[in-house]
Amino acid sequence: MKIKDIFETKKTVISLEVFPPKIDSPVETIFKTLDQLKDINPDFISVTYGAGGKAKDRTVEIASKIKNEYHIESLAHLTCISATKKQIKESFEEMRVNNIENILAMRGDIPEDPDFDFPNPLQYEHASDLIKEVKAEGDFSIGAACYPEGHVDCESKVKDVKYLKQKVEMGAEFLITQLFFDNELFYRFMDEIDLAGINLPVSAGILPVLNKNQIIRITKLAGCAIPPKFQRILNRYEDNPEALKEAGEAYAIEQIIDLMAWGVRGIHLYTMNKPDTAKRIIGNIENIRKLQG
Ligand SMILES: NC(=O)C1=CN([C@@H]2O[C@H](COP(=O)(O)OP(=O)(O)OC[C@H]3O[C@@H](n4cnc5c(N)ncnc54)[C@H](O)[C@@H]3O)[C@@H](O)[C@H]2O)C=CC1
Ligand SMILES: Nc1nc(=O)c2c([nH]1)NC[C@@H]1CN(c3ccc(C(=O)N[C@@H](CCC(=O)O)C(=O)O)cc3)CN21
C-alpha cells in the first residue's frame with residue numbers, strides 16, 4: 001500500500017525505523033529485531049540507506065522482507081549525493097521487482113572521508129533532484145525529510161522551508177521530521193510550513209535515548225537542541241545505562257502523548273534496532289493509539 005494512502009485512512013500513523021546490520025554481521029540479526037517489532041503492529045517500517053555515511057547494501061533486501069514476508073508496509077530510504085543516474089535507475093528497478101512501493105528520497109549525509117569517491121561531476125546535489133526522478137517513475141509514493149530546527153548545513157530556516165517547498169513541488173507526498181526533543185519547536189515549524197503553503201502529512205521523528213555516546217553523536221548529526229529538562233536527565237543518569245534508558249523511554253512517551261494530543265499526523269520512532277524499548281514505548285500509549293486509530 002502507498003504510504004500516502006495510509007495517511008488518508010489513519011488519524012495517527014505509527015511507524016518504526018531500523019538500519020541494516022553492519023557488513024560484518026549476518027543479515028539474520030535484523031530478522032530477530034523484526035520478529036519483535038511486528039508485535040507493535042506498526043503502519044509501516046522504514047529501512048535506512050547509508051545512514052551517517054555507512055553501508056548501503058541490504059536496504060532493499062530488508063525492506064522487501066518486511067513487505068513480502070512480515071506483511072508490513074515498508075519504506076526504503078534512498079540517498080543520491082554519492083550516486084550516479086545509472087545506480088539510481090538500478091535501485092528503482094530493484095525496488096520494483098521486490099514489490100516496494102514507498103521511497104524516502106533524500107540527499108544523504110556527506111561522507112567525512114576526504115578520499116570518498118564522489119561522481120565527478122556530481123550527478124545529484126539536492127534531495128529535490130532525486131524526488132523529481134522518483135516522481136517521473138510514476139509508481140512510487142514519495143516521502144521526504146524535513147527539519148523542525150533547520151538542517152545543519154542550511155544558513156537560514158527561511159531558506160530551509162523554501163527548499164522544503166521545492167521538494168513538495170517536485171512530488172513529495174509525506175514528510176518525516178528529523179529527531180527533536182522539544183515539541184514546541186515542532187509546533188512552531190508546523191505553523192511555518194503551513195504559512196509557506198505546505199500541507200502534507202508530517203510524521204514526528206522520535207528518538208528514545210539509549211546511551212550517552214549515541215546521543216552526543218546523533219544530536220551532532222541531526223543538529224537538534226537539547227532542552228534543559230532533557231539535559232538534566234543526561235547529566236544525572238549518564239553513568240547508569242539502565243537508569244538512563246528508563247528516563248529516555250519515559251521522555252519519549254511524554255513527547256509522543258503531547259504530540260498526539262496536539263493532533264500530529266504520525267509518529268516515526270527511530271528504534272535504533274532496539275525492539276524492547278520500542279515495544280515499551282508504544283505499549284504505553286495503547287489506549288491513546290486506539291482512540292486515534
Ligand atoms: N540515510 C538515511 O536513511 C537518513 C538520512 N537523513 C539525512 O538528512 C539529511 C539531508 O537530506 P535531505 O533532507 O534529503 O536533503 P536536502 O537536499 O533536502 O537538504 C540538504 C541541505 O541542502 C539544502 N538545500 C536543499 N535544496 C537546496 C537547493 N535547491 N539549493 C540550495 N540548497 C538546498 C537544505 O537546506 C539543507 O541544508 C542528510 O543529512 C540525510 O542523510 C535523514 C534521515 C535518514
Ligand atoms: N543527518 C542524519 N542522518 C541520518 O542518517 C539520520 C538522521 N540525520 N536523522 C534520523 C535518523 C537517525 N539515523 C541513524 C543515526 C545513526 C545511526 C548509527 O549511528 N548507526 C551505527 C550503529 C549504531 C548501533 O549499532 O547502535 C552504525 O555504525 O551504523 C544509524 C541511523 C538515520 N537518520
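## Getting started

Helices (H or I, at least four residues) and strands (E, at least two) are DSSP runs, numbered from the N terminus.

A bit of housekeeping: residues are numbered from 1 along each chain as its sequence is written, while chains are lettered from A and ligands numbered from 1 in the order in which they are written. This is a predicted model, where local features need pLDDT of at least 70 and side-chain atom pairs count only at pLDDT 80 or more, though totals for chains, interfaces and linings use all residues.

## Two helices side by side

Two packed helices are described by the angle between their axes and the distance between the axes. Here, helix α5 (residues 127–137) packs against helix α6 (residues 157–170) at an angle of about 10°, and their axes are 8 Å apart. That makes α5 roughly parallel to α6. Angles under 35 degrees count as roughly parallel, over 145 as roughly antiparallel, 65 to 115 as roughly perpendicular and the rest as oblique. The axes are lines fitted to C-alpha atoms, for helices over the stretch in contact, and angles run from 0 to 180 degrees between N-to-C directions.

Who meets whom? From α5 come Ala127, Ser128, Ile131, Lys132 and Lys135, and they meet Gln166, Lys167 and Met170 in α6. Being in contact means that the C-beta atoms of two residues, placed from the backbone, lie within 7 Å. Sorted by class, the contact of α5 with α6 has 3 nonpolar, 2 polar and 3 charged residues. For the sorting, Ala, Val, Leu, Ile, Met, Phe, Trp, Tyr, Cys and Pro count as nonpolar, Asp, Glu, Lys and Arg as charged, and the others, Gly among them, as polar.

## Around ligand 1

Ligand 1 has 22 residues around it, and Thr48, Met106, Arg107, Ala127 and Cys154 come nearest. A residue is near a molecule or strand if its C-beta atom, placed from the backbone, lies within 6 Å of it.

Which element gives the largest share of the shell? That's α6, with 5 residues. At least two residues each come from β3 (74–79), α5 and α6. By class, the shell around ligand 1 has 7 nonpolar, 9 polar and 6 charged residues.

## Helices with a buried side

Now for α2 (28–37), where Ile30, Thr33 and Leu37 are buried. Seen down the axis of α2, these residues fall within an arc of 55°, so they line one face of the helix. The arc is that of the directions from the helix axis to the C-beta atoms. Turned away from that buried side is a face with the exposed residues Glu28, Lys32 and Asp35. A residue is buried if 20 or more other C-beta atoms lie within 10 Å of its own, exposed if 12 or fewer, and partly exposed in between, with C-beta atoms placed from the backbone. The cover over the buried residues of α2 includes β1, β2 (44–47), α3 (59–68) and α11.

Helix α11 (residues 275–283) has its own buried residues: Ala278, Ile281 and Ile282. They cover an arc of only 90° around the axis, which puts them on the same side of α11. Asp276 and Gly283 are exposed on the face turned away from the buried side. Among the elements covering the buried residues of α11 are β1 (13–18), α2, α10 (241–262) and β8 (266–270).

## A few residues to look up

Leu16 sits in strand β1. Is Leu16 buried or exposed? Leu16 counts as buried because it has 25 C-beta neighbours inside 10 Å. Not counting residues up to four places away in sequence, Leu16 touches Leu37, Ile40, Pro42, Ile45, Leu269, Thr271 and Ala278.

Asn99 has a positive phi of about 70° although it is not a glycine, and its place is in the loop between α4 (85–97) and β4. Asn99 counts as exposed because it has 11 C-beta neighbours inside 10 Å. Asn273, in the loop between β8 and α11, has a positive phi of about 60° and is not a glycine either. With 18 other C-beta atoms within 10 Å, Asn273 is partly exposed.
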